[in-house]
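Visitor: Hi! I'm new to looking at proteins like this. Could you walk me through one?

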Amino acid sequence: MDIQPTDVVLAFDMASRWHGFWRGEIGVWILDRGVRIALLLIGGLLAARFINWAAQRITRRIDAEYQESDQLVRTESAKHRQAVASVISWVSVALLFVMVAVQITDILAIPIGSLVAPAAVIGAALGFGAQRLVQDLLSGFFIITEKQYGFGDLVALTVSGIAAPAEGTVEDVTLRVTKLRSAEGEMYTIPNGQIVKTVNLSKDWARAVIDIPVPTSADLNLVNEVLHDVAQNAIDQPELHDLLLDAPQLMGVESIELDTVNLRMVARTLPGKQFEVGRALRVLVVRALRRSGIVAKGEAPAPTVGAIVHPATAGGAERETQGPESDR
């Protein structure tokens, strides 16, 4: 195909225009400042991704140490380290973007002094609207530094404006919010500034409390003996041996009602295991009371089957039974 002179002229004209564009004001600005701004933004995004990746790697390593060990619960230091790693990553990303923003203003040659007055006005306006945010950040800071709770803790948080406390397992703690996973699988996201009271149910150790109602007609001395035996033998049970810190204790009569007397048994357990221990102890208590013939009001005692007496025995028929003396 023949190249016409007009094609050569057009190509030369486009090349000269493109070359002239990079020598113009916009082209020089792009090469001098735009490229640096783009590199700063890309570098900031990559650095933020790296910080998040490093924090997740640290938390996974801490969690792997717990999973691979023979520990039944996480240690307090491990829970605190995971919470601190999450907070440090969040703060590092925030500081990184602040530094990138400062560098961009420096490249754009924006005088900082000229921004003081507008920043003061904007800061005052945001101060009224961001009071809750500042409160959340300060509350989160003290939650982390005071080790009120950490990752994996079982807590009950009283939230301002809500009557029922939010109960669940802590899945994430940042300076602004706390995330809880309830027993039903629901995820609660609670701003730290709205937390009025914190109840940590898995701090160092926990206590299982078992209230045992018995009828007022029961022999309390016999009941105490049965429950003492349960308490002494509970720590030897395979399902409770590793969860109990010491043998359960019978505290005695807790309350008296019209038809029942309530006795209380308590047991120190590993943190977060008090509910599992409480369920197992209740099963042992019910079995022991039934074996001893102590039943709740309205329940019939265990039936006994008497022997079928031959009609030929006249006088001693009433005395020949297989049941105990009290059933004859």
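This is a predicted model: local features need pLDDT of at least 70, side-chain atom pairs count only at pLDDT 80 or more; totals for chains, interfaces and linings use all residues.

Visitor: Which side chain does Arg-268 meet in a salt bridge?
Guide: Arg-268 pairs with Asp-246, and the N to O distance is 3.1 Å. The two come from distant parts of the chain, 22 residues apart. Asp-246 is in the loop between helix H7 (238-241) and strand E7 (249-256), while Arg-268 belongs to strand E8 (residues 260-269).

Visitor: And Asp-246, buried or partly exposed?
Guide: Asp-246 is partly exposed, with a relative accessible area of 28%.

Visitor: How many salt bridges turn up in the whole structure?
Guide: The search finds 4. One of them joins Glu-171 and Arg-181, at 3.3 Å from N to O. Glu-171 is in strand E2 (residues 166-173) and Arg-181 in strand E3 (residues 177-181), so this pair links distant parts of the chain, 10 residues apart. Glu-171 is partly exposed at 34% relative accessibility, and Arg-181 is partly exposed at 32%.

Visitor: What about Arg-264, which partner does that side chain meet?
Guide: Arg-264 forms a salt bridge with Glu-254, at 3.6 Å from N to O. Arg-264 lies in strand E8 and Glu-254 in strand E7, so their contact ties together parts that are 10 residues apart in sequence. Arg-264 has a relative accessible area of 24% and is partly exposed; Glu-254 is partly exposed too, with 42%.

Visitor: Which residues are linked with them in a network?
Guide: Asp-211 joins in: Asp-211, Glu-254 and Arg-264 are linked in a network of salt bridges.

Visitor: Changing topic! Where does UniProt place the "transmembrane region" feature?
Guide: According to the unreviewed UniProt entry, that feature is at residues 37-55, 83-102 and 108-128.

Visitor: Helix or strand over residues 37-55?
Guide: Residues 37-55 are 100% helix and 0% strand, with the end C-alpha atoms 27 Å apart.

Visitor: And how far apart are the end C-alpha atoms over residues 83-102?
Guide: There the end C-alpha atoms are 29 Å apart, and residues 83-102 are 100% helix with 0% strand.

Conventions:
Residues are numbered from 1 along each chain as its sequence is written. Side-chain values use heavy atoms; hydrogens and water are left out. UniProt positions are given in the numbering used here, feature names are shortened, and annotations may be inferred rather than shown by experiment. Helices (H or I, at least four residues) and strands (E, at least two) are DSSP runs, numbered from the N terminus. Buried means under 20% relative accessible area, exposed over 50%, partly exposed in between (1.4 Å probe, protein chains only).
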